[in-house]
Amino acid sequence: MIYTVTVNPALDYVMQLKEVKSGEVNRTDDCQFLAGGKGINVSQILNQLSVDNTAWGFVGGFTGKELVRQLNVKKIVSDFVTISDDTRVNVKIHAQKETEINAAGPKIDAQEIAAFKARLDDLNAGDIVVLSGSLAPSLPTDFYEELLPTIKENGAEFAIDTTGQALLDTLKYKPLVIKPNHHELADLFNTTFANKEELLDAAKKLMDMGAQNVMISMAGDGGYLITKDHIYHGTAAKGIAVNSVGAGDSMIAGFVGTYYKTQDPVEAFRVGMACGGATAFTEDIAVKSQIDTVLPQIKVEEVQ
Ligand SMILES: Nc1ncnc2c1ncn2[C@@H]1O[C@H](COP(=O)(O)OP(=O)(O)OP(=O)(O)O)[C@@H](O)[C@H]1O
Ligand SMILES: O=P(O)(O)OC[C@@]1(O)O[C@H](CO)[C@@H](O)[C@@H]1O
């Protein structure tokens with residue numbers, strides 16, 4: 001079973017307008033609430049790939065109720081810990097540019113945290129836990145790292161989508177896959193890359209530090225997969241990007257869902273790239289037909 005963990009989910013309030021004029025009253029052409037959060041987006045893609053999964057995390061208040069209602073409509077199985085505070089609303093402004101305003105997130109108390117951690121005792125060998133997204137401010141900065149010994153002791157694997165030192169601190173527990181984008185990769189080592197070789201050298205350092213597989217995503221420029229044996233480049237699908245929100249989550253979902261079925265990291269990377277591209281080409285998270293349309297365009301070649 002795959003479990004997606006979104007400790008700080010969100011109702012995404014997606015607002016469409018031609019132009020935002022700062023300091024003025026702006027009126028939208030369209031707006032909608034969508035269930036959001038990095039792990040929840042992963043669950044949505046896993047469902048599209050017909051890979052059983054359960055969404056874990058914390059939800060609360062009227063916003064949390066609406067989020068769970070939307071997941072139920074999409075037949076996404078969830079087992080959230082209900083908290084007394086409200087799930088946050090993140091604003092996604094689609095105008096002359098894409099602007100995101102993400103709220104910090106709710107208060108989560110010690111009893112609610114303990115109830116969440118108890119779920120990890122149900123993990124079995126072969127399960128995969130996908131840890132994605134920001135931490136609510138009341139959670140300790142090493143919250144993800146706190147979960148890893150129990151995950152590994154139960155014989156499960158984990159994937160993690162976070163950034164900075166929080167990501168580096170998880171590598172000693174050997175994540176199945178991590179996926180920084182190329183900006184996040186540079187930030188990890190406080191550097192910039194003059195060329196592809198420097199980028200790949202940095203990605204290989206993450207393997208040396210413990211990652212089993214590393215994907216580096218580069219939006220419309222495709223991405224790289226580093227495995228213990230080789231390095232691969234994947235081409236980005238050709239299309240009109242209408243929404244970058246969730247592309248990275250979709251790429252992780254495509255990898256984890258395919259790896260769970262095949263144990264083939266290269267095929268998992270190819271499907272991940274297709275899921276990312278399909279989401280980039282649609283307003284919401286991609287559905288199966290959109291993924292299937294993009295998949296044949298993804299060419300993966302060994303580069304080292
Ligand atoms: N404009 C695009 N055209 C084609 N494919 C894209 C585009 N944007 C994203 N993708 C696909 O999605 C993958 C992940 O996108 P990206 O590199 O933007 O991840 P990210 O920065 O983690 O995204 P997110 O905004 O979800 O955090 C890319 O490697 C690519 O395969
Ligand atoms: O604040 P975080 O957890 O870093 O990101 C949250 C978020 O921006 O990520 C998803 C897109 O990846 C959105 O659905 C959601 O609003």
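1. In this predicted model, 30 residues of domain 1 are in contact with 37 residues of domain 2. Contact here means heavy atoms within 4.5 Å. Among the residues of domain 1, Ile45, Leu49 and Ile160 lose the most area to domain 2. Together they give 22% of what that side buries.

2. Where do the two domains run? Domain 1 covers 1-17 + 30-160, and domain 2 covers 162-304. These bounds come from an automatic or database domain assignment. The C-alpha centres of the two domains lie 20 Å apart.

3. Next, the area. About 2,900 Å² is buried between domain 1 and domain 2. Carbon and sulfur atoms give 64% of that. Buried area is the accessible area (1.4 Å probe) that two parts lose on being put together, summed over both.

4. How many salt bridges cross the interface of domain 1 and domain 2? The rule finds three. It asks for a side-chain nitrogen of Lys or Arg within 4 Å of a carboxyl oxygen of Asp or Glu. Look at Glu145 and Lys172: they form a salt bridge, with the closest N and O atoms 2.9 Å apart.

5. Which elements supply the side of domain 1 that touches domain 2? At least two residues each come from α1 (38-48), β6 (88-94), β7 (98-101), β8 (128-132), α4 (143-153) and β9 (157-161). The largest share, seven residues, comes from α1. Helices (H or I, at least four residues) and strands (E, at least two) are DSSP runs, numbered from the N terminus.

6. That side of domain 1 divides into 16 nonpolar, six polar and eight charged residues. Ala, Val, Leu, Ile, Met, Phe, Trp, Tyr, Cys and Pro count as nonpolar; Asp, Glu, Lys and Arg count as charged; the others, Gly among them, count as polar.

7. Now ligand 2. It is surrounded by 15 residues, the closest being Asp12, Lys38, Lys92, Ser134 and Asp249. A residue counts as near if one of its heavy atoms lies within 4 Å. A polar side-chain atom of Lys38 is 2.7 Å from an oxygen atom of ligand 2. For Arg88, a polar side-chain atom lies 3.0 Å from an oxygen atom of ligand 2. Gly37 uses a polar backbone atom, 3.0 Å from a ligand 2 oxygen.

8. Ligand 1 has 21 residues around it, and Lys179, Asn181, Ser217, Ala219 and Gly248 come nearest. A polar side-chain atom of Lys179 lies 2.9 Å from an oxygen atom of ligand 1. A polar backbone atom of Ala247 is 3.2 Å from an oxygen of ligand 1.

9. A reading note. Residues are numbered from 1 along each chain as its sequence is written, and side-chain values use heavy atoms, with hydrogens and water left out. Local features need pLDDT of at least 70, and side-chain atom pairs count only at pLDDT 80 or more, while totals for chains, interfaces and linings use all residues.

Conventions:
Chains are lettered from A and ligands numbered from 1 in the order in which they are written. A polar contact is a pair of N or O atoms within 3.5 Å; within protein, one must be able to donate a hydrogen and the other to accept it, and residues adjacent in sequence count only if both atoms are side-chain atoms.
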